[in-house]
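Try each task before reading its solution.

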Amino acid sequence: MESQDQIQPQIHVDQDFIDLTIDGYTAYLNFETYGGVLDVRKTFVPNELRGKGVAGKLVKAAYDYAREHHYECVGTCSYAVKWLERHPEYEGRPSEDYVPDSCAIGKHQAK
């Protein structure tokens, strides 16, 4: 049986989606790429997995993917923005759509 540290998020690039299943519970993250950025739009972690670092694992996977593919790290999800503040090495920033204490509903609309 794998420990939680060994379980890695699965990135579904064609669906702009990352998920992580632990003990039958699935946490996920939605992202969007546009204009040279990868924008983490929404994260969701079930109550059973909260407080275990799962959201951080998802966000890190998204931004590691962004860096590998030369995207700027951007967050609309308030958790992702706070994560970027704690990890300045990712040189990230809030998106134009960012509203404190929220996540995005729908796609980014160019202004």
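**Exercise 1. Overall size**

What radius of gyration does the protein have, and what would a compact globule with 111 residues have?

Solution. Start with the ground rules. This is a predicted model, in which local features need pLDDT of at least 70, side-chain atom pairs count only at pLDDT 80 or more, and totals for chains, interfaces and linings use all residues. Residues are numbered from 1 along each chain as its sequence is written, and side-chain values use heavy atoms, with hydrogens and water left out.

Next, take the rule: 2.2 Å times the number of residues to the power 0.38, with the radius taken over C-alpha atoms. For 111 residues a compact globule would come near 13 Å; the protein has 13 Å, so the two agree. Finally, look at the box: along the principal axes, the C-alpha atoms fill roughly 45 × 30 × 30 Å.

**Exercise 2. Fold order**

List the helices and strands in sequence order.

Solution. First, count: the protein has two helices and six strands. These are DSSP runs, numbered from the N terminus (helices: H or I, at least four residues; strands: E, at least two). Then read along the sequence: the pattern is β-β-β-β-α-β-α-β.

Now turn to the record. An unreviewed UniProt entry lists residues 10-95 as "domain: N-acetyltransferase". Such annotations may be inferred rather than shown by experiment. Over residues 10-95 the chain is 28% helix and 38% strand. The end C-alpha atoms of that stretch are 24 Å apart.

**Exercise 3. Ala-66**

Solution. Step one: Ala-66 is found in helix α1, residues 54-68. Step two: its relative accessible area is 0%, so Ala-66 is buried. Buried means under 20%, exposed over 50%, partly exposed in between (1.4 Å probe, protein chains only). Step three: not counting residues up to four places away in sequence, Ala-66 touches Leu-38, Tyr-71 and Cys-73. Contact means heavy atoms within 4.5 Å. Step four: Val-40 is 26 residues from Ala-66 in sequence, and 10 Å from it in space, C-alpha to C-alpha.

**Exercise 4. Ser-78**

Is Ser-78 buried or exposed?

Solution. Locate Ser-78 in helix α2, residues 78-86. Its relative accessibility is 11%, so Ser-78 counts as buried. Leaving aside neighbours within four places in sequence, Ser-78 contacts Tyr-98, Asp-101, Ser-102 and Cys-103.

**Exercise 5. The whole chain**

How many of the 111 residues, in percent, count as buried?

Solution. The share is 40%. Now take the contacts with a separation of 6 or more: residues 24 or more positions apart account for 42% of them.
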